[in-house]
Amino acid sequence: MASYCKLSDLFLIQSQLDDALEDATTQEDKENLVHQYLHNIDEKAALIIPDFEEGLDWLNTDGPLSLRKELSGKVVVLDFFTYCCINCMHLLPDLHQLEQSYTIEDGLVVVGVHSAKFPNEKVLQNVRSAVLRYDITHPVVNDSDARLWQELEVSCWPTLVLLGPRGNLLFSLVGEGHREQLFLFTAVALKHYREQGLLKDHDVGIKLYRDSLPPSILSFPGKIAMDPSSKRLAIADTGHHRVLVVSNTGQLLHSIGGPSSGRRDGNLFEAQFSSPQGVFIKGDTVYVADTENHLVRKINLSEGKVSTLAGTGVQGTDKEGGAAGPQQPISSPWDVTLGNAGGDVLWIAMAGTHQIWALFLEDGKLPKGSDSKKGTCVRFAGSGNEENRNNAYPHKAGLAQPSGLALARTENWDCLFIADSESSTIRSLSLKDGAVKHVVGGERDPLNLFAFGDIDGKGIDAKLQHPLGVSWDEGSSLLYVADSYNHKIKVVDPKTKQCRVLAGTGKAGNGVGPGFLESSFNEPGGICLGERGKLLYVADTNNHCIKVLDLETKTVSSFPILEQQEVDAVLTTATSNTPAVKKLPKLPKSAPVFTMPSITVPSGHSVTLMLKLALPAGTKLNEEAPSFWDLSAEGNEWLLEGRAVMGRISDLSEPISIVSSIPVAPASTDPTLTLNAWVYCCLSGGGACMMKAVSFRQPLLIGSTSEEGSVAVMLEHAF
C-alpha cells in the first residue's frame, strides 16, 4: 500500500518560508523565496497526497476527477469547506478572482472539497443548492465522510491546500484572510512548473450545474418581513441579488436590484445588491443586510432611491466599531431589525464577526455603553470569538454566526432573540442591561459548536440544527424558529424554554398539506408573522418560494408572486398591434390536475369548455388580486391560432364559457387543451388571503366530418 503525506509533514518547512516572507521587503524578494522553496520541496518525493475516493459525487464537471489523471499536470487548489461556514463564504471571492487571473489552460484548477459539519450538509442535493446559491463555478466533490480531510489531517474550515502537477503537496493556508499568500504561492508555482515543462493545458470537463436549471421567480429567498400597517412584504430574493416588495396578495409592487450582483446606490432602477439576506420594512422604508457587499442599505420607496447606511463595500475585521456608518467596515451582515435605544436604532446580526451591532438612526445609548451620535455603527454584543458563551456583560459573551433577529418589545422581555446558527441555539440579548442568555438548543460547554440535533424539549435538552430565522409573536409571547437544517418550523415558549415542532416532516421536500406536519420545507432561512399573528410567512430557501402557514386553520399554502400586476388580457392574437402576453405565475405543485375523458369533435365544430369553480367555505374572491384562467395547447398551438387565450375571473356564481374552434383541416387529430385557473380569495371576515389553482387537461379526438356545430364539456372543481 502506498504511503502518503499529511499536512503536518509540511508544517516545519512552510513555517520557515512564512518567517522569511515576513522579513522580505519587496515583491521580487518574496517571489524568489517561494521559488527557492519550491526547488527544495521538489526534492522531497514523499510529499504526495492520496487521490479522491472513488464513487464520490462531483458537481460542475462531466464526471469524477483524479489527481493522477485529469488533474495531472495542473497546479491544484483544494478548498476544504462546509457550506454553512461564514469563513468559507469569505474565501469564495478570493478564489473567484484567482480563477479570473489564471485559467485551466494556464494550468490552474480549483477544486472544492465539501467536508460537512452538519448531517444535513452531507446530502448531495443540499450541496448542489449551496453551489448554486454561492455561484461556485469550479469543480466540487461531495466528500460526505470527510475521507480526504481525515487522511490529510485537516483541522478546521476553511483550509486551502495547494498541490503541484504530480499531486504533490506544496502549501497549506488555514482560515480566511490569506489572499496575498494565496496569489503569491499560485503565481510562483505556475511559473516554476511551466519553466520545467510540467504543466499541461488540457481541459478537465467543466459543466456548470446552474446551466441545466429552468428560471424561477425567486432564487434562494433568504429572508422575509412584513409591515403590519401597509401589509406589504419585503423579500430578499438572494439568488437574484434583488429585493422585492409585494402586497399581501402577491402583487409585485417593486423590484430593486438584480439579476446580477453589483454594488450601486441610486434610483430603484439602477441600484445593485450582492446576495442580500436580512430585510426590515416600515412604511416606505426597507432596510437591507446586503451580505456579500458587506453593507447595510436603505431603500426609500417614496423617493425612489437606495443609499448606503453602513459599510465600505469591503469585508471588515474591526470588532469594535464606532465610526460613522459609511466609514465603518463591517462583515457579512445577515439580518436587521428596527428598535430603540434612546432613539431609533437598527440592530444588525453581524455573522462575519459573530456579533450583534447597532446602527444609530438617531442619537442614543446602548445598555452598559456610552452615548452614540446619529449615524454611528458600533458593536453591541459579542467578543468576536466564535463561541456559545453567555454572559451578563455583552462584550464578554460569545456568539457563533448569528443569522436571525427578532425584537420582543413587551416590558416582560424587552430583548432581541437571536438565531445563533453555528451553535445551533436560540439566545436572548437584553435591551435593559445587555445580558446574553441561553433559551434553547446547544449545550453548556461554550466551545462545543457540535451540539445539534432534532429534539423537542426544554432548554439544552431541545436540539436544533443551524437555525437561521426567528419571529416574535407579541400576542402569544411565543417565538417561531426556522430550524433550517432540520427543514422544520418550530415554536419556542421563552418563559418555560419549551421547544416543539410546528411544521415540517424533517426531510427536505416541497410538499403542501394536508396539515402542518405533513408539509415539507427545504432549508427555510427566513420567517415572519403577519395578519395580526394569524399567518406565518416562510422563506423556503432551497425551494425558491414563499410558503404561508395559517395558524388558525393549520394549513400550508404557496404564496404567489405575480410579476405582472395585470393578467386580464383576453383572447389576444400575437401580432405587432397587440400588447405582449403577460407572464403567468407557475402552477403550484399542490394544484390538482384532472385529465378528462377524451371527447370527439368533428372538424369545423367548436369546443365549449364550461369552467365551474367553488371557493372554500367562508371565503370570497379577492378584488385586489385578479383571478384568471389560461387556455393552452402545448405542441398544438395551431388549435388556438397562435393566440394567448386568457380571461379574468370576477364572478363564480355561473360557469365561465371558453370557446375554441376546430379548423376544417386540423394539423393533428388528437390534440389536448389545457385549462389552468388561478383563484385569489380571502376569508369573508377579513384577514388571511390565499391562492388556489387547478388544471384541467381535455383530450380531443377530431373527426373527419366537416360540419358546423358545438360540443360542450363541464369542468368542475370545489377548492
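1. In this predicted model, helix H1 passes helix H2 in a right-handed crossing. Residues 8-23 make up H1, and the two helices pack at an angle of about 160° with their axes 10 Å apart. Angles over 145 degrees count as roughly antiparallel, so H1 is roughly antiparallel to H2.

2. On the H1 side, the contact with H2 is made by Leu 10, Ile 13, Gln 14, Leu 17, Ala 20 and Leu 21. H2 contributes Lys 30, Leu 33, Val 34, Tyr 37 and Ile 41. By residue class, this H1 and H2 contact divides into nine nonpolar, one polar and one charged.

3. H2 (residues 27-42) also meets helix H6 (residues 179-195): their axes come within 9 Å and cross at roughly 60°. The two helices are therefore oblique to each other. H2 passes H6 in a right-handed crossing.

4. From H2, the contact with H6 takes in Gln 27, Lys 30, Glu 31, Val 34, His 35, Leu 38, His 39 and Asp 42. From H6 come Glu 180, Leu 184, Phe 185, Val 188, Ala 189, His 192, Tyr 193 and Glu 195. The residues of this contact of H2 with H6 are seven nonpolar, four polar and five charged. Lys 30 and Val 34 of H2 are listed in the contact with H1 and in the contact with H6.

5. The domain assignment divides the protein into domain 1 (7-211), domain 2 (395-564) and domain 3 (593-718). Between domain 2 and domain 3, the C-alpha centres lie 41 Å apart.

6. The bridge partner of Ala 323 in S22 is Cys 377.

7. A further open sheet is formed by five strands in the order S27-S31-S30-S29-S28, again with antiparallel pairing. Its edge strands are strand S27 (457-458) and strand S28 (469-473), each of which pairs on one side only. S28 pairs with strand S29 (residues 478-483) in the antiparallel sense, over five bridges. In S29, Leu 479 stands opposite Trp 472.

8. Lys 497 deserves a look for its backbone: the residue has a positive phi of about 60° although it is not a glycine. Lys 497 lies in the loop between strand S30 (488-493) and strand S31 (498-503). Both S30 and S31 belong to the sheet with the order S27-S31-S30-S29-S28.

9. A cis peptide bond runs from Trp 157 to Pro 158, with omega near -10°. Pro 158 is placed in the loop between helix H5 (147-152) and strand S5 (159-163).

10. The peptide bond from Gly 258 to Pro 259 is also cis, with omega near -5°. The loop that holds Pro 259 is between strand S10 (252-257) and strand S11 (266-267).

How values were computed. Residues numbered from 1 in each chain as written. Predicted model: local features only at pLDDT ≥ 70, side-chain atom pairs only at ≥ 80, totals over all residues. Heavy atoms only, no water. Domains from an automatic or database assignment. Pairing = 2+ DSSP bridges. Helix = DSSP H or I, 4+ residues; strand = E, 2+ residues; numbered from the N terminus. Axes fitted to C-alpha atoms, helices over the stretch in contact; angles between N-to-C directions. Parallel < 35°, antiparallel > 145°, perpendicular 65-115°, else oblique. Left-handed = near helix turned anticlockwise from the far one by under 90°. Contact = heavy atoms within 4.5 Å. Nonpolar A, V, L, I, M, F, W, Y, C, P; charged D, E, K, R; others polar.
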